[in-house]
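Subject: A structure to look through

Dear colleague,

My notes on what was found follow below it.

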Amino acid sequence: MKRVITYGTFDLLHYGHINLLKRAKALGDYLIVGLSTNEFNRLEKNKECYFDYEKRKSLLEAIRYVDLVIPEENWDQKISDIEKYHADVFVIGDDWQGKFDYLSDMGIEVVYLPRTKEISTSKIKNDLNQGN
């Protein structure tokens, strides 16, 4: 079984998220999603989520492409998660291009997938604030 792992906040879940998860799942048989906790988002990413961790986790678990959701609590846990879950492929959006190349030293394939250009959680929040 080929295991794929990805990470993100997945707040205000939208079709760009679904596209990413679908393409990630297509790279293997089992998709693990590291979901950023509320504390990690607030303290390390300097952002507040609209939905709390449990609601975001519930939404992800309802998506057919997702097999397992785990908490992402810090930047450095990726190596231990890859080892713990025996991941074969690490997937992340291409806005992180090059940032995780070091993981390939572990023998894992690192894939940067293009984002869905016209949509993002930031765009949704901005549009709502603008009244669009």
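**What was found**

Ile79, Tyr102 and Met106 together make a nonpolar surface patch of about 240 Å². Such patches are made of residues with over 30% relative accessible area and no salt bridge, where like charges are joined within 9 Å and nonpolar side chains (Val, Leu, Ile, Met, Phe, Trp, Tyr) within 5 Å; the accessible areas come from the Shrake-Rupley method with a 1.4 Å probe, and for residues only the protein chains shown count as cover. Please keep in mind that this is a predicted model, in which local features need pLDDT of at least 70 and side-chain atom pairs count only at pLDDT 80 or more, while totals for chains, interfaces and linings use all residues. Residues are numbered from 1 along each chain as its sequence is written, and side-chain values use heavy atoms, with hydrogens and water left out.

Met106, one of the patch residues, is found in the loop between strand S4 (89-93) and strand S5 (109-113); helices (H or I, at least four residues) and strands (E, at least two) are DSSP runs, numbered from the N terminus. Met106 counts as partly exposed because its relative accessibility is 32%, given that buried means under 20% relative accessible area, exposed means over 50%, and partly exposed lies in between (1.4 Å probe, protein chains only).

**The sheet and its helices**

In what order do the five strands of the open sheet stand? The order is S3-S2-S1-S4-S5, and the pairing is parallel, where two strands pair if DSSP finds at least two bridges between them. Strand S3 (68-72) and S5 stand at the edges with a single partner strand each, so one side of each has no neighbour in the sheet. From one strand to the next, the twist averages 25°; axes here are lines fitted to C-alpha atoms, for helices over the stretch in contact, and angles run from 0 to 180 degrees between N-to-C directions.

Strand S1 (residues 3-8) pairs with strand S2 (residues 30-36) in the parallel sense over six bridges, and Gly8 stands opposite Leu35 in S2. Strand S2 is largely enclosed by the rest of the structure, because six of its seven residues are buried. Helix H1 (residues 15-25) lies across S1, S2, S4 and S5 and runs at about 140° to S2, whereas helix H3 (residues 53-61) lies across S2 and S3 and runs at about 165° to S2.

Leaving aside neighbours within four places in sequence, Val89 is in contact (heavy atoms within 4.5 Å) with several residues, including Val4, Ile5, Leu27 and Val111.

**Salt bridges**

Side chains of opposite charge can pair when their charged atoms come close. The structure holds seven salt bridges, each being a side-chain nitrogen of Lys or Arg within 4 Å of a carboxyl oxygen of Asp or Glu.

One of them joins the side chains of Lys25 and Asp67 (2.7 Å, N to O). Since Lys25 lies in helix H1 and Asp67 in the loop between H3 and S3, this pair ties together parts that are 42 residues apart in sequence. Lys25 is buried, with a relative accessible area of 17%, while Asp67, at 34%, counts as partly exposed.

Glu61 forms a salt bridge with Lys57, with the closest N and O atoms 2.8 Å apart; these two residues are separated by about one helical turn, because they are four residues apart in helix H3. The side chains of Lys78 and Glu72 also meet in a salt bridge (2.8 Å, N to O), and both of these residues are buried. Lys45, Glu72 and Lys78 are linked in a network of salt bridges.

**Two residues in loops**

Asn46 has a positive phi of about 55° although it is not a glycine; Asn46 lies in the loop between helix H2 (38-43) and H3, and is exposed, with a relative accessible area of 68%. His86, in the loop between helix H4 (78-84) and S4, has a positive phi near 55° and is likewise not a glycine. His86 is exposed, with a relative accessible area of 57%.

With best wishes
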